[in-house]
Amino acid sequence: MFDIGFFELLMVAIVGLLVVGPERLPDAVRTTARWWSGVRRMLHNARAELEREVGADDIRRELHNERIMRELQESRREMEKAFNTVDAERENVPTEPHAEPTHSKAEKEDYLSEQDESATELQDPEYPEHWHDYGDPELNSHHPDRAAHAEKASTAAQKKPQEKDKQS
């Protein structure tokens, strides 16, 4: 606050010791500290009362709100500007009917459309597509393929005892 260093305080203490004397120096220091704290307290109270009367908190709050409103308006203007540029770019894009993409001859030869493949080639026997609707036919009694699975299971069960008889 006053930018007083150690050597300045040491000089003040030596001068105070010489002027006041060693026996009265502690009382003088206490009196000075009490006087200084009273001045600080009085200044603080005066400042708080002045701020209360002027309404400094309200003024600060209003300034803060005005700053936020300015920032929001600037953001809004920037967004509108960006939207306008995007709209302008969209209007400048020529609209053509759906044109076929141009592929090189090598790409056309490598291309195999899904329509060329039959549906049976695409089905995986381990994970039929209709299982997600009904679940596993062995576990769901209402499954449309339940009869076919039951028939397969019964024929497999009949073959097992016959194979055991042949082995023994």
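Me: Let's begin with Arg47: is Arg47 buried or exposed?
Reply: Arg47 is exposed, because its relative accessible area is 56% and the cut-offs are under 20% for buried, over 50% for exposed and partly exposed in between (1.4 Å probe, protein chains only). Before going on, note that this is a predicted model, where local features need pLDDT of at least 70, side-chain atom pairs count only at pLDDT 80 or more, and totals for chains, interfaces and linings use all residues. Residues are numbered from 1 along each chain as its sequence is written, and side-chain values use heavy atoms, with hydrogens and water left out.

Me: Which residue does Arg47 form a salt bridge with?
Reply: A salt bridge is a side-chain nitrogen of Lys or Arg within 4 Å of a carboxyl oxygen of Asp or Glu. Here Arg47 pairs with Glu51, their closest N and O atoms being 3.4 Å apart. Both sit in helix 2, four residues apart, about one turn of the helix; helices (H or I, at least four residues) and strands (E, at least two) are DSSP runs, numbered from the N terminus. Glu51 is partly exposed at 28% relative accessibility.

Me: How many salt bridges are there by that rule?
Reply: The count comes to six. Another one links Glu71 and Arg67, with 3.1 Å between the closest N and O atoms. Those two are four residues apart in helix 3 (residues 56-92), so about one helical turn separates them. Glu71 is partly exposed, at 40% relative accessible area. Salt bridges that share partners also join Arg47, Glu51 and Arg60 into one network.

Me: And pockets, what's the idea there?
Reply: Rolling a probe the size of a water molecule over the atoms shows where empty space is left. On a 1 Å grid over the protein atoms alone, a pocket is an open set of points where a 1.4 Å probe fits, with protein on both sides within 12 Å along at least five of seven lines; lining residues have an atom within 4 Å of a point. The volume is the space filled by probe spheres set on the points, which are joined across faces, edges and corners. In this model the largest pocket holds about 200 Å³ of space.

Me: Which helix gives the largest share of the lining of the largest pocket?
Reply: Helix 2 does, with seven residues. Its lining residues include Trp35 and Trp36.
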